[in-house]
Amino acid sequence: MSTGQEQNRDEAPREGRPLRSHQWYGSELTSGLRQFSHRARTRQLGYLPEEHLGKPVVAILNTWSDINPCHVHLRDRAQAVKRGVWQAGGFPLEFPVSTLSETFQKPTPMLYRNMLAMETEELLRSYPVDGAVLMGGCDKSTPALLMGAASVDLPTVFVPAGPMLPGHWRNEVLGSGTDMWKYWDDKRAGLIGDCEMAELESGLARSPGHCMTMGTASTLTAAAEALGVTVPGASSIPAVDSGHDRMAAAAGLRIVELVRQDLRLSRILTREAYEDAVTTVLALGGSTNAVIHLTAMAGRSGVELTLDDWDRIARRVPVLANLRPGGQYLMEDFHFAGGLPGLLARIPDLLHLDRPTVAHTTLREQLDGALVHNDEVIRPREKPLAGEGGLAVLRGNLCPDGAVVKHVAAEPHLRRHTGPAVVFDDYRTMQRTIDDPDLGITADHVLVLRNAGPKGGPGMPEYGMLPIPDHLLKQGVRDMVRISDARMSGTSYGMCVLHVAPESYVGGPLALVRTGDLITLDVAARSLHLHVADEELAERRAAWTPPPNPYERGYGALYHEQITQADTGCDFEFLARPGSVPEPYAS
């Protein structure tokens with residue numbers, strides 16, 4: 001945890017502390033040259049002294065851009081945040097920060113999550129701000145913003161971008177991502193043609209906002225709400241709903257009060273909060289990507305969150321949210337069924353209710369009066385979608401440091417399966433050859449993709465939902481066991497074993513698998529086993545040579561040098577390590 005405020009982490013919040021921004025601005029009676037210069041330059045911006053001197057300065061970090069459809073409305077929402085800050089007596093300043101557009105950024109926005117986290121940290125540390133409102137929601141932006149903010153430890157509120165409206169096509173309700181995969185397979189199987197696909201293009205994503213399934217975006221914004229860094233109910237409000245505008249204004253009002261109380265992020269992001277976020281992800285049947293992101297976020301907060309913690313909690317948490325891809329409904333249905341407050345109110349015995357949130361003294365108080373209005377969308381405890389959390393952590397000689405599978409979104413008959421491997425050394429080769437009938441792939445085979453992890457990807461792309469060969473799709477096969485060191489979209493589904501650690505690029509056991517080797521997956525036993533003798537594996541290891549580094553310079557070279565493995569969150573080592581950073585006061 002890198003922060004310059006560690007001495008305050010165990011102090012109770014108290015009012016009356018000098019504002020951090022005062023170090024820059026001082027007052028009209030301050031004779032320092034630097035304070036004089038800062039005040040003069042603020043006049044240059046067009047502000048009167050009465051508008052900002054002595055008031056909490058709030059940084060609004062906005063990930064809006066023209067290339068990010070999930071965040072294209074955040075330019076307007078920033079105005080609502082400013083409205084709230086002004087009305088509460090604060091002084092808002094909007095900062096544009098990197099946008100991580102899941103749809104367009106290549107090779108994967110995961111490559112740049114830590115860059116946004118670094119930008120967030122250094123921006124908040126280096127400017128005269130007393131608190132922050134973070135605006136994001138598309139998959140990697142939520143963890144990136146909160147990782148950076150946790151390392152600085154100022155009062156902070158997160159404003160989720162919100163889910164888009166449900167898609168529609170020929171009287172069918174569509175879920176972005178999930179139905180894209182489904183209908184693409186239908187096209188490959190010859191069930192629909194170009195005409196239908198053209199119509200689907202126009203019906204799948206029909207408003208601003210992130211995916212309206214329980215994909216990675218919805219999972220991570222729900223986790224942020226469970227952590228206690230949003231106003232209550234914020235994570236499920238549709239992006240275009242007027243309630244979203246009101247939520248943004250409420251966040252602006254709240255951050256000013258948090259600055260006055262000096263209620264820093266470290267008092268919110270505790271071990272108890274992270275365990276409750278894990279519980280929430282599991283009860284939602286959420287994205288496997290949350291395992292990596294929450295682990296990294298916890299590390300920035302000085303909390304060690306391990307794969308064993310995930311598996312321990314998963315065994316006692318039922319899946320109550322009947323949401324795609326593992327269920328039936330979409331985020332707008334979830335919102336009007338009671339949203340996250342309603343879901344958490346059904347599992348109070350699994351939560352730490354006496355911890356604080358940014359909105360209330362305790363989570364218990366925040367959930368008081370929360371109701372569920374639709375038992376089909378948010379299931380009762382006695383009628384869960386699944387009896388235990390939808391994620392499982394696997395161990396075995398193929399993944400000594402762990403792997404993850406979202407079995408709730410897969411066909412049950414594959415939860416215990418033994419089959420011969422078909423190995424692909426990289427994603428492009430797999431794409432080019434997967435439909436080759438000469439490979440002889442059957443539904444019993446295990447598809448294996450390597451060199452798709454943090455270093456090998458590079459950036460650990462969402463390649464983990466390997467395509468099923470088209471000749472099998474035409475036979476009606478819609479799921480197979482697939483194993484990789486990659487991630488997969490939270491909107492994806494299928495028996496996809498992901499995040500195999502250590503990755504093949506660094507010589508993990510996945511690098512030693514050969515086509516024809518038998519592999520056994522046993523979800524109940526939490527096991528992933530390669531049926532090859534240790535002596536044979538030792539011979540293969542002796543013959544193995546590491547792949548070349550794809551980056552000779554630039555950010556990619558820094559990433560390749562510093563990135564950690566999936567089981568520890570894929571943070572940069574120099575950012576994840578403990579230690580302090582001095583405040584950059586000008587005087």
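In what order do the four strands of the open sheet sit, and is their pairing parallel or antiparallel? The order is β3-β2-β4-β5, and the pairing is parallel. (Strands are DSSP runs of E with at least two residues, helices are runs of H or I with at least four, and both are numbered from the N terminus; two strands pair if DSSP finds at least two bridges between them.) At the edges you'll find β3 (91-96) and β5 (156-160), each pairing on one side only.

Keep in mind that this is a predicted model: local features need pLDDT of at least 70, side-chain atom pairs count only at pLDDT 80 or more, and totals for chains, interfaces and linings use all residues. Residues are numbered from 1 along each chain as its sequence is written, and side-chain values use heavy atoms, leaving out hydrogens and water.

Back to the sheet: five bridges join β4 (residues 131-136) to β5. Met-135, for instance, has Val-159 in β5 as its bridge partner.

Now for the rings. The structure holds nine aromatic pairs. Rings of Phe, Tyr and Trp (its six-membered ring) pair if their centres lie within 6.5 Å; planes under 30 degrees apart are stacked, over 60 edge-to-face, and the rest tilted. Here are two of them:

| Pair | Centre to centre | Angle of planes | Type |
|---|---|---|---|
| Trp-169 and Tyr-183 | 5.2 Å | 70° | edge-to-face |
| Tyr-559 and Phe-572 | 5.8 Å | 75° | edge-to-face |

Trp-169 lies in strand β6 (residues 167-169) and Tyr-183 in helix α7 (residues 178-188), so this pair ties together parts 14 residues apart in sequence. Ring pairs also link Tyr-112, Tyr-555, Tyr-559, Phe-572 and Phe-574 into a cluster.
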